[in-house]
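Q: I'm new to this one and would like to go through it piece by piece. Could you bring it up first?

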Amino acid sequence: MNAKKQKNGISAPHAPFHDGKAAEPHYEDVISPDAIRATPAPTPPGAEPMTAGSMKTPDNVSAKTNDMDAFRAPAEGQGLTTNLGVRVANNQNTLKAGTRGPALLEDFHFHEKLSHFDSERIPERVVHARGSGAHGYFQVYESLAKYTKADFLRDPKAKTPVFVRFSTVQGFRGSPDTVRDIRGFATKFYTREGNFDLVGNNTPVFFIQDAIKFPDFVHAVKPEPNNEVPQGQSAHDSFWDYVSLQPETLHNVMWAMSDRGIPRSLRMVEGFGIHTYRLVNGEGESCFVRFHWKPVYGVSSLVWDEAQLLTGRDPDFHRKDLWQAIEAGDYPEFELGMQIIPEKDEHAFDFDILDATKLIPEALVPVRIVGKMTLNRNPDNFFAETEQIAFCPANIVPGVEFSDDPLLQGRVFSYVDTQRHRLGGPNFNEIPINRPLGAVRNHQRDGRHRMQIDPGANYEPNSLSGNWPREVSPAAGGFTTCQSPAEGRKTRERSPSFSDYFSQPRLFWLSQTKPEQDHIVNAFSFELGKVVRPYIRERVVDLLTRVDHDLARRVAENLGITLSKDQLSRALPKAVNGLESDPALSLYGRDVQVLKSRRVALLAADGVSEASVQAICGALQNAGVHPQLFAPHMGMIKTAEGGELKVDGTIAGNPSVLVDAVVVPEGDASLNALMADGDAKYYLRQAYKHLKVIGLPGAAKTMLKAAALPENDADAGLVAASDAPKLMKLFLSAMKRHRIWEREEKTKGTAA
Ligand code: HDE
């Protein structure tokens, strides 16, 4: 804070917050996947001695791969090399005949460098192309042996390494973060028994019931095929055409149109495995389960105007937030929750638990919190880790199994298939980020980019390599599939138990607070307003009349559609298992917001009161909130006390959409300068419009008038007090509300 402590005045790249020093990354003592891989694998049960000339040890796969290590030169001090290890003396000039050319064909270094560059891009993911990832670990709170034999869910001491990739669905790899969309939430658990991938979203339901519809759904939501617009948005004809013709999409569409579609941070989203899975315990008993991730930082969202502005002001807003939080030690944390459904209750609900367009209301089956995931390490190389990670719902471990959900069963095929295309062949699990912890031994061979050198017989059973590797008995951990009953005639039909499309959207709608309902109406109106064909708009509004008449009427009014008497007197669906509403479905009906890791801007200019700044920053930092000092210019500003303060950025360059709340510290000269500064006044107006808390100690209250904001309004978010120390308690308590929703009505239609 004080200039004397901050000589160079330049923030370190990973020190985004105004605490005067670069944050030290502190990594937990979780064992990295590589360290675990380096430990020798246990002797396989029942392994027979190897014959001479065949495998020397059961695990000489890796020994063989590393045979040449003894001859390798240490990398240190060697400098730049070609891909074949030849040291490079000149990396700036091509080989030419004379200084003015022509270039010579024999320039192998040039050819290699350029041709490798020419092949740098791989196909991006067909959906979920835009993503951000982080490493961490998972730990179960207490053994779940009663439900599952999965080792990572039974040993509370075990820290299981994980890699998580968050994503948007619709946009291309370079699309902005804050568009309205579903967020992917995919977790790879590197367990001691193999990789388990929980590939979920931030909504508990999906758009379609059967995987065979997925290509059609994705074609519809992706940009239009003729002109490839819009980018990162569902606000276009083909998406809403599909929705209007496939009412099963409506439930997930409701979630997407709610504030869940525009999260404040990837650290502040809930995650859902969506499908019903099975857990199987050591006795072979099984139950059904739905997985949940509950963010320790609470769930919170942006407001729509802010989300739109951020796509331009900071298209990497979520990616940076995740990265900076980890660098600052605000490790994202998510608790794993399970809704456990005994087999006998499979048919106890008004809906089918195999239907992925239905959630199991938490009011009916509470979420049991079973463990916690902590993300504590940023990737070193985006491409090698975040881009090359290959998730697949087929990746399960003993103790976790699939249910007969037809969507899940289709996913089990599709992901491996797409990885072969995207990552260039069948050996993508040998890429470091995808490798399991344990040794891989089998008779799969060859294919593009094979890394492992496998000696010995390549078939099984064999007597040439001691019949190794051989099957592992279930008692020793070999995977066996739970003996759940399966029979029936072959048919392409959907179960009648999948046919109710409107009860759950209604439950969702009725569970929202008023501001949330308003936002859903606005989102439908905005998106459908971008639809060119009137009959598509009309069909969607007609669907809404089957969910709730008020919802349909309000959207219809905004779109200039007149609903018929028949439409407005339609019988509405009955309550789901007698449940009228469920607080768990609302974003803002339940939690007080977590302050830790939030950001607050301090607007200041020359002449600011250093005492005021110190009091504000001290109170914020005590609450785990990060202050950032913004001024009309970069560098240093002079304080009223004669000192200097380092500025984190300019007011114009760091708009209020980047922070959670604003304070204007005292200091007459500073206040006078800010009152004459258009950027500072716009800053406050925009923060006000986005329903943020604004703190005004002492004379700073005069900023309200200067910025043409209401001066004597009973607005819980315009916090004033006689001085900074008195202000901060009130300010922090107001910040716990995250947004001042009552202000929304007043600011409607006003410009920032
Ligand atoms: Fe995906 N999905 N999906 N999906 N999905 C992909 O796999 C697919 C579905 C989800 O960060 C693709 O590697 C089918 C539900 C996430 O790398 C692809 C069906 C849920 C991610 C694919 C579904 C998801 C993907 C594209 C219908 C939530 C990103 C690239 C049966 C439970 C993972 C890739 C990451 C990615 C297929 C439905 C979530 C094409 C066929 C339901 C989070 O294989």
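Q: Which protein donor does the iron atom of the ligand have?
A: The only one is the OH of Tyr415, at 1.8 Å. Donors here are N, O and S atoms within 2.8 Å of the metal (3.2 Å for Na, K and Ca), and water is not among the atoms, so sites may look incomplete. Please keep in mind that this is a predicted model, in which local features need pLDDT of at least 70 and side-chain atom pairs count only at pLDDT 80 or more, while totals for chains, interfaces and linings use all residues. Residues are numbered from 1 along each chain as its sequence is written, and side-chain values use heavy atoms, with hydrogens and water left out.

Q: Okay, and where is Tyr415 placed?
A: Tyr415 belongs to helix α10, which covers residues 406-423. Helices (H or I, at least four residues) and strands (E, at least two) are DSSP runs, numbered from the N terminus.

Q: Which residues come nearest to the ligand?
A: Of the 23 residues around the ligand, those that come nearest are Arg125, Arg165, Arg411, Tyr415 and Gln419; a residue counts as near if one of its heavy atoms lies within 4 Å.

Q: Which elements supply at least two residues of that shell each?
A: They are β3 (183-191), β4 (194-201) and α10, and the largest share, six residues, comes from α10.

Q: How many of the shell residues are nonpolar, polar and charged?
A: The shell has 11 nonpolar, nine polar and three charged residues. In this scheme Ala, Val, Leu, Ile, Met, Phe, Trp, Tyr, Cys and Pro count as nonpolar, Asp, Glu, Lys and Arg as charged, and the others, Gly among them, as polar.

Q: What about polar side-chain atoms, say Gln419 and the ligand?
A: A polar side-chain atom of Gln419 is 2.8 Å from an oxygen atom of the ligand, and one of Tyr415 is 2.6 Å from a ligand nitrogen atom. In the side chain of Ser414, an N or O atom lies 3.5 Å from an oxygen atom of the ligand.

Q: Switching to the strands, in what order do the six strands of the open sheet run?
A: The order is β15-β12-β11-β16-β17-β18, and the pairing is parallel. β15 (649-650) and β18 (718-721) stand at the edges with a single partner strand each, so one side of each has no neighbour in the sheet. Two strands pair if DSSP finds at least two bridges between them.

Q: How many bridges join β11 to β16?
A: Three bridges join β11 (residues 599-603) to β16 (residues 661-663), and Val600 stands opposite Ala661 in β16.

Q: And which way do β1 and β9 run, parallel or antiparallel?
A: Strand β1 (residues 131-140) and strand β9 (residues 368-377) run antiparallel and are joined by six bridges, with His135 opposite Arg377 in β9. Strand β8 (residues 333-342) also pairs with β9 in the antiparallel sense, over six bridges, and there Glu333 stands opposite Thr374.

Q: New topic, the backbone: which residues does the cis peptide bond at Pro230 join?
A: That bond joins Val229 and Pro230, with omega about 0 degrees, and Pro230 lies in the loop between α4 (214-221) and α5 (237-245). The peptide bond from Glu460 to Pro461 is cis as well, with omega near 5 degrees, and Pro461 is in the loop between α10 and α11 (503-510).

Q: What is the phi of Asn467?
A: Asn467 has a positive phi of about 50 degrees although it is not a glycine, and Asn467 is placed in the loop between α10 and α11. Ser597, also not a glycine, has a positive phi of about 85 degrees, and Ser597 is in the loop between α15 (565-568) and β11.

Note on methods:
A polar contact is a pair of N or O atoms within 3.5 Å; within protein, one must be able to donate a hydrogen and the other to accept it, and residues adjacent in sequence count only if both atoms are side-chain atoms.
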